[in-house]
Amino acid sequence: YGGQERLTKEGAIAERVITKKACEKIIKFAFELARKQNRDKVTVVHKANILRITDGLFLEIAKKIALNYSDIVMEDMLVDSCAMQLIRKTESFDVIVTTNMFGDILSDEAAGLTGGLGVAASGNMGNSQGLFEPVHGSAPKYAGKNVANPMASFLSSAMMLEFLGENKMAQKIRRSITKT
């Protein structure tokens, strides 16, 4: 997903690009992740009531893909409702799939619920490659000050190991964090 912005004499113009191919890829990934992790539900987050073309496409594709996953419940939810429900009923979510902009906002909100950006891991995964790092990045301004929490780095490493199929080692890291 990408886009661009530019200024004109009349004001700002923004373009949002949502493609069928990219929607299919991320939504299939979400359902496969749910299946792999024995999750019961995928929540498709959108704003199709307002962004009828782009988010409408996203939701339409999600509904079609969900037909191939009868073992997983698909629910769809407006992004503003999801933001509220993440706080009120966090435990009601298993896997959330959404577009880039909404995912960026909701992941920061979820990080706040779990202790802040300093403990949030991230992974950008393709079919055969991935990039794993703390959500906040490397935080160089804290280098040498003995104040940074390394948990996000460890959790990102666990995600990477799971991506590589090294589940036992990933579980050792997760158990160590829980124990500590």
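User: In this predicted model, in which loop does Asn38 lie?

Analyst: The model is a predicted one, and in it Asn38 has a positive phi of about 55 degrees although it is not a glycine. Most residues other than glycine have a negative phi. Asn38 is exposed, with a relative accessible area of 68%, and its place in the chain is the loop between α1 and β3.

User: Is Asn146, whose phi is also positive, buried or exposed?

Analyst: Asn146 is a residue other than glycine with phi near 55 degrees, and it lies in the loop between β7 (130–134) and α5 (151–163). Since exposed means over 50% relative accessible area, the 80% relative accessibility of Asn146 makes this residue count as exposed.

User: Which element gives the most residues to the largest nonpolar core?

Analyst: The largest nonpolar core has 19 residues, of which Ile27, Phe31, Val42, Val44 and Val97 touch the most other members. Two or more residues come from each of α1, β3 (41–46), α2 (54–66) and β5 (95–97). The element that gives the most to this core, with six residues, is α2.

User: Which residues is Phe31 in contact with, leaving aside its neighbours within four places in sequence?

Analyst: Phe31 is one of the residues that touch the most other members of the largest nonpolar core. With neighbours within four places in sequence left aside, the contacts of Phe31 are Val42, Ile65, Ala66, Tyr69, Ile72 and Met74.

User: With which side chain does the side chain of Thr99 make a polar contact?

Analyst: Thr99 sits in the loop between β5 and α4 (100–113), and it is buried, with a relative accessible area of 2%. Not counting residues up to four places away in sequence, Thr99 touches Arg16, Ile18, Val45, Asp55 and Phe58. The polar contact of its side chain, at 3.0 Å, is with the side chain of Arg16.

User: How many residues apart are Asp71 and Arg35, the pair that links distant parts of the chain?

Analyst: The side chains of Asp71 and Arg35 meet in a salt bridge, with an N to O distance of 2.8 Å. Asp71 lies in the loop between α2 and β4 (73–78), whereas Arg35 is in helix α1.

User: Which strands are tied together by the pair of Glu75 and Lys41?

Analyst: Glu75 and Lys41 form a salt bridge whose closest N and O atoms are 3.4 Å apart. Glu75 is partly exposed, with a relative accessible area of 23%, while Lys41, at 18%, counts as buried. The pair ties together parts that are 34 residues apart in sequence, because Glu75 lies in strand β4 and Lys41 in strand β3.

User: In which helix do Lys64 and Glu60 both lie?

Analyst: Lys64 forms a salt bridge with Glu60, the closest N and O atoms being 3.4 Å apart. Lys64 counts as exposed at 53% relative accessibility, whereas Glu60, at 41%, counts as partly exposed. The two residues are four apart, about one turn of the helix, and that helix is α2.

User: What accessible area do Ile26, Phe29 and Met125 have together?

Analyst: Ile26 lies in helix α1 (residues 20–36), and at 31% relative accessibility it counts as partly exposed. Ile26, Phe29 and Met125 form a nonpolar patch on the surface, and their accessible area together is about 210 Å².

Conventions: Residues numbered from 1 in each chain as written. Predicted model: local features only at pLDDT ≥ 70, side-chain atom pairs only at ≥ 80, totals over all residues. Heavy atoms only, no water. Patch = residues over 30% accessible without salt bridge, like charges linked within 9 Å, V, L, I, M, F, W, Y side chains within 5 Å. Areas by Shrake-Rupley, 256 points an atom, 1.4 Å probe, with all protein chains shown as cover. Salt bridge = Lys/Arg side-chain N within 4 Å of Asp/Glu carboxyl O. Buried < 20%, exposed > 50% of the residue type's maximum accessible area, 1.4 Å probe, protein only. Core = buried A, V, L, I, M, F, W, Y, C linked by side-chain atoms within 4.5 Å. Contact = heavy atoms within 4.5 Å. Polar contact = N/O pair within 3.5 Å; in protein donor to acceptor, adjacent residues only side chain to side chain.
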